[in-house]
Amino acid sequence: MTIDQTTANRSYPKPHVANMLANDVERLRLALDAIDSDMVDRPTSTAVQALISAAIANVIAGAPGALDTLNELAAALGDDANFAATVANSLASINTALGDRYTKVESDARYVQGSVQVETMFTATAGQVSFGLTSPIINKPSALITIDGVVQPTSEYSISQDGLTVTLSEAPGAGARVRVLALAVAAAGAPADDTVTTVKLRNEAVTAPKLAPGAVGAPAVSPDFITSGGDWAPAITSPVNCSDVSMVNGSYARVGNAVTMSGRIVYTTTGGGPVSFGLRIPINAEAGGFQTVNQAAGVISGTQGNNPLSGFIIAEASSQRAVFQFTSGSAGTGNVSFVCQYRIAAT
């Protein structure tokens, strides 16, 4: 009688000392045939290596060489196990710094009192650089011009002598949305004789273009109080996460107690994350500086590399500085345009 013993894992037949030689030879033949069949389905070392390489490639998914390992990814996140919470807390701190926030209508009413905003929208045609207005622009700082939402620095356009035509330095693409926001002096009716008093005169209600020659004696109204402006190259202070910050084409205009400043700033960020720096304002707000962060408001728009970015401008309490804040995606060089307005104490 043949003793039927098999291997533990694959149940291949095994010989036994008590079996007849002929029977064990047949059992060994069957075992070898079974082993041969099993080996056909086993991958070669080349196939195994290909599977491993494919799995690694799927994990990396085309990541750059500096970010294709878990260690490099961890280093890029600052080895911060709570990275998501860190970002959330940073955003929350910016939210707190903003304090009260306003809609466009609310901020216009708060910071552009005494003036009328005239907005004109255009859809550019191919090659179009000039755009006609129905309300004149007093000067460059009193205008805000955007193309598809991107604020244009004053160096990128000119205004005709009558203020009714804006000419861009180069034509935007066909179909681009061009927005021209002009700050014009609010109209007022003619008062009767001896009816105008200091109580009835609202700040910014009287400006130089409204005064006929000789209508008001020089001692009563100073032209410097009514309107002033010019180029502006402020000192950059307290940079955070950036360096080599400089102003390009800075200018300002004062109408009554409202000051509008604009320009373009170039910078280099040292890494991704919140970026901020301060600029000395062209005209002091009050003797002791701004009282609250809400006394200045402005917008920032620009690019860093191929990435668009935007931000905001607020006042720095107890100083004569405006603080620029935005978030950068990575280290690199960028540029932003801005428009900001604040009010100064009556003089």
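## Briefing on a predicted model

Asp24 touches Lys14, Pro15, His16 and Asn19, leaving out residues up to four places away in sequence. The model is predicted. The protein has 347 residues, of which 32% count as buried, and its secondary structure consists of six helices and 18 strands. Among contacts between residues at least 6 apart in sequence, 68% join residues at least 24 apart. The accessible surface comes to about 20,000 Å², and 57% of that surface belongs to carbon and sulfur atoms.

**Asp24 and helix H1**

- Asp24 is a residue of helix H1, which covers residues 21-40.
- Asp24 has a relative accessibility of 8%, so Asp24 counts as buried, the cut-off being under 20%.
- The side chain of Asp24 reaches the backbone nitrogen of His16, and the distance is 3.0 Å. His16 is also one of the residues that Asp24 touches.

**Nonpolar cores**

- The largest nonpolar core contains 29 residues. Met261, Ile265, Phe277, Phe324, Phe338 and Tyr342 are those with the most contacts inside this core.
- At least two residues of this core come from each of strands E12 (242-255), E13 (258-269), E14 (273-280), E15 (296-304), E16 (307-315), E17 (321-328) and E18 (332-343).
- A second, separate core has 15 residues, including Ala124, Ala143, Ile147 and Val166.

**Phe277 and the aromatic pairs**

- Beyond its neighbours within four places in sequence, Phe277 is in contact with Ile236, Thr237, Ser238, Pro239, Cys242, Val245, Ile265, Ala322, Val323, Phe324 and Phe326. Among these partners, Ile265 and Phe324 are also listed with Phe277 as having the most contacts inside the largest core.
- Seven aromatic pairs are found in a search of the whole structure.
- One of these pairs is formed by Phe277 and Phe326, with an edge-to-face arrangement, 6.4 Å from centre to centre and 80° between the planes.
- Phe277 belongs to strand E14 and Phe326 to strand E17, so their pair ties together parts that lie 49 residues apart in sequence.
- Phe277 and Phe326 are both buried.
- Trp232, Tyr267, Phe277, Phe324, Phe326 and Phe338 are linked into a cluster by ring pairs.

**A lysine over a ring**

- Lys140 lies over the face of Tyr157, 5.6 Å from the ring centre.

**Val180 in strand E9**

- Val180 is found in strand E9, which runs over residues 177-185.
- The relative accessibility of Val180 is 1%, so Val180 counts as buried.
- Val180 and Thr120 are 60 residues apart in sequence, while their C-alpha atoms are 5.2 Å apart in space.
- Neighbours within four places in sequence aside, Val180 is in contact with Val118, Glu119, Thr120, Phe122, Leu133, Ile137, Leu144, Ile145 and Val166. Of these, Val166 is in the second core.

- With a relative accessible area of 5%, Ser337 is buried.
- A polar atom of the Ser337 side chain lies 3.5 Å from the backbone oxygen of Val151.
- Ser337 touches Val151, Pro153, Gly263, Arg264, Val299, Ile300 and Ser301, residues up to four places away in sequence not being counted.

- Most residues other than glycine have a negative phi.
- Asp244 has a positive phi near 50° and is not a glycine. Asp244 lies in strand E12.
- At 62% relative accessibility, Asp244 is classed as exposed, since the cut-off for exposed is over 50%.
- Ser318, also not a glycine, has a positive phi of about 65°. Ser318 is located in the loop between E16 and E17.
- Ser318 is exposed, its relative accessible area being 62%.

**Gly329 in the loop between E17 and E18**

- Gly329 is placed in the loop between E17 and E18.
- Gly329 has a relative accessibility of 78%, so Gly329 counts as exposed.
- The C-alpha atoms of Gly329 and Leu309 are separated by 8.9 Å, and the two residues are 20 apart along the chain.

Note on methods
Residues numbered from 1 in each chain as written. Predicted model: local features only at pLDDT ≥ 70, side-chain atom pairs only at ≥ 80, totals over all residues. Heavy atoms only, no water. Core = buried A, V, L, I, M, F, W, Y, C linked by side-chain atoms within 4.5 Å. Buried < 20%, exposed > 50% of the residue type's maximum accessible area, 1.4 Å probe, protein only. Helix = DSSP H or I, 4+ residues; strand = E, 2+ residues; numbered from the N terminus. Contact = heavy atoms within 4.5 Å. Polar contact = N/O pair within 3.5 Å; in protein donor to acceptor, adjacent residues only side chain to side chain. Phe/Tyr/Trp six-rings, centres within 6.5 Å; stacked < 30°, edge-to-face > 60°. Lys NZ or Arg CZ within 6 Å of the ring centre and 35° of its normal. Areas by Shrake-Rupley, 256 points an atom, 1.4 Å probe, with all protein chains shown as cover.
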